[in-house]
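Dear colleague,

I am passing on the structure that we spoke about, and it is shown directly below. My notes on it come after.

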Amino acid sequence: MVTPIIILLLLSSPLGISFIYSKFSGMPLNVKKYAYWGLGITFIFFCVGHFVKTEGMVEMLPSWVPFRLAIIYLTGLIELLIGVALFVPRYQLHAAWLAIVVFVIFFPANIYGALNGIGLGGHQRGPVYLLLRAPLQIILIAWAYFLCVKGHNNLKQSTTNAVG
């Protein structure tokens, strides 16, 4: 059950660190930039899971799905591309939209994994894991949409230095 905590830390760390830095330095905080970075780091983490925990990922797909190993590698590469694109301003918006699509499309694998007690990232806890995973998916989708996709220029925090 540590995996969701790691995901939340990776997601929020760039924004949290930059918030603290902006408070001490008096520099404006670009929320959107660091929200993209957190989502990018998180997607790279997801990608690594596909290549390090490959067998567990394969088990998260029903046995009737053809080319399960190839699908795991392909989806890992897709997650890597999304993760990298989230750091490139030109591609960030499209990558954030794609991230939302991936969260929605991949969620059934999490349901299958939890219902079948797959020993990976908390799925071994069974259906109760979905009580944690479903809200996590909502948080990830909300992060991608509200902090990355939706125009939140008003979230840019500017601070003024008093001259005295």
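This is a predicted model: local features need pLDDT of at least 70, side-chain atom pairs count only at pLDDT 80 or more; totals for chains, interfaces and linings use all residues.

Residues are numbered from 1 along each chain as its sequence is written, and side-chain values use heavy atoms, with hydrogens and water left out.

**The whole chain**

The protein has six helices and zero strands, where helices (H or I, at least four residues) and strands (E, at least two) are DSSP runs numbered from the N terminus, and the pattern read along the sequence is α-α-α-α-α-α. Taken along the principal axes, the box that the C-alpha atoms fill is roughly 70 × 30 × 25 Å. Of the 164 residues, 40% are buried, where buried means under 20% relative accessible area, exposed means over 50%, and partly exposed is what lies in between, with a 1.4 Å probe and protein chains only. When contacts between residues at least 6 apart in sequence are considered, 69% of them join residues at least 24 apart; a contact here means heavy atoms within 4.5 Å.

Just after H1, Gly26 takes a positive phi of about 80°.

The buried residues of H1 are Pro4, Ile7, Leu11, Pro14, Leu15, Ser18 and Ser22, and what covers them includes helix H2 (31–52) and helix H6 (130–149). The axes of H1 and H6 come within 11 Å and cross at roughly 20°, with axes taken as lines fitted to C-alpha atoms, for helices over the stretch in contact, and angles running from 0 to 180 degrees between N-to-C directions. The two helices, H1 and H6, are therefore roughly parallel to each other, since angles under 35 degrees count as roughly parallel, over 145 as roughly antiparallel, 65 to 115 as roughly perpendicular and the rest as oblique. Their crossing is left-handed, meaning that the near helix is turned anticlockwise from the far one by less than a right angle, whereas clockwise would be right-handed. On the H1 side the residues that meet H6 are Pro4, Ile7, Leu8, Leu11, Ser12 and Leu15, and their partners include Arg133, Leu136, Leu140 and Trp143.

Leu10 lies in H1 and counts as partly exposed, at 24% relative accessibility. Leaving aside residues up to four places away in sequence, Leu10 touches Gly38, Ile41, Thr42 and Phe45. C-alpha to C-alpha, Leu10 and Ile44 are 9.9 Å apart in space and 34 residues apart in sequence.

For helix H5 (residues 92–115), the 24 residues should span 34 Å at 1.5 Å a residue, which agrees with end C-alpha atoms that are 34 Å apart. A kink of about 35° lies at Phe106, shortly before the proline Pro108, and just after H5 the residue Gly117 takes a positive phi of about 60°. The buried residues of H5, among them Gln92, Ala99, Phe103, Phe107 and Asn110, pack against H2, helix H4 (68–85) and H6.

H4 and H5 pack at an angle of about 145°, with their axes 8 Å apart, and their crossing is left-handed. In this pair, Thr75, Ile78, Glu79, Ile82 and Ala85 of H4 meet residues of H5 that include Gln92, Ala95, Leu98 and Phe106.

In H6, Ala142 is partly exposed at 28% relative accessibility, and its C-alpha atom is separated by 8.7 Å from that of Ile100, 42 residues away along the chain.

Methods: The expected span of a helix is 1.5 Å times one less than its number of residues. The bend at a residue is the angle between axes fitted to the seven residues ending there and the seven starting there.
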